[in-house]
Amino acid sequence: MKIDGIHHVSLNVGDVDAARQFYVGVLGFEVMPSRPDFDFDGAWLHAGRNQVHLIGGAVNPPDRRQHFALQVDSLQEWMDHLTDLDVPFRHAARIIGAGDQIFLNDPWGNRIELNQPDVHYN
C-alpha cells in the first residue's frame with residue numbers, strides 16, 4: 001500500500017474561461033477531452049503527467065470542493081486502513097477516465113481525495 005504521487009490539484013476560480021486561457025495560453029496546459037457533467041462550471045487540464053481541475057464559482061465555497069488528490073495503488077487497501085483507524089470517508093461514484101476515488105478530510109476540514117486512476121502514469 002503506497003502513495004504514487006499527486007494525481008491532480010483542484011482550484012476554485014471566479015471565471016473558468018479566463019482561467020482556462022491563462023493555464024493553456026501562459027503555462028501550456030492542454031484541455032482534457034472530457035469532463036463529467038457536474039452541476040457547476042469547470043475544466044480539466046493536463047499539466048504534464050498531472051492534472052489541474054478548475055472549478056467555477058465562489059473562490060472559497062462553503063462546501064469546500066477545493067482539494068488535492070493523491071494517486072494510490074490500491075484504493076481498497078486504503079479504505080480498509082481508514083476503516084481500521086475509524087477515519088470517515090466517502091466513496092464517490094466511479095468516473096470513467098478518472099478512476100475510483102474516496103474523499104476524506106484532515107482534522108481542519110481540508111478535503112483530500114485518494115484516487116486509483118484507470119491508467120497509472122509511470
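This report covers salt bridges, aromatic pairs and a charged surface patch.

The model is predicted: local features need pLDDT of at least 70, side-chain atom pairs count only at pLDDT 80 or more, and totals for chains, interfaces and linings use all residues. Residues are numbered from 1 along each chain as its sequence is written, and side-chain values use heavy atoms, with hydrogens and water left out.

Two salt bridges are counted, each being a side-chain nitrogen of Lys or Arg within 4 Å of a carboxyl oxygen of Asp or Glu.

| Salt bridge | Closest N to O |
|---|---|
| Arginine 20 and aspartate 17 | 2.8 Å |

Arginine 20 and aspartate 17 are about one helical turn apart, because three residues separate them in helix α1 (residues 16-25). Helices are DSSP runs (H or I, at least four residues), numbered from the N terminus. Relative accessible area (1.4 Å probe, protein chains only) sorts residues into buried (under 20%), exposed (over 50%) and partly exposed in between. Arginine 20 is partly exposed at 25%, as is aspartate 17 at 45%.

There are four aromatic pairs, with rings of Phe, Tyr and Trp (its six-membered ring) pairing if their centres lie within 6.5 Å; planes under 30 degrees apart count as stacked, over 60 as edge-to-face and the rest as tilted. Phenylalanine 22 and tyrosine 23 pair edge-to-face, at 5.2 Å centre to centre and 90° between the planes. Phenylalanine 22 is partly exposed at 40%, whereas tyrosine 23 is buried at 18%. Ring pairs join Phe22, Tyr23 and Phe29 in a cluster.

Conventions. Helices (H or I, at least four residues) and strands (E, at least two) are DSSP runs, numbered from the N terminus.
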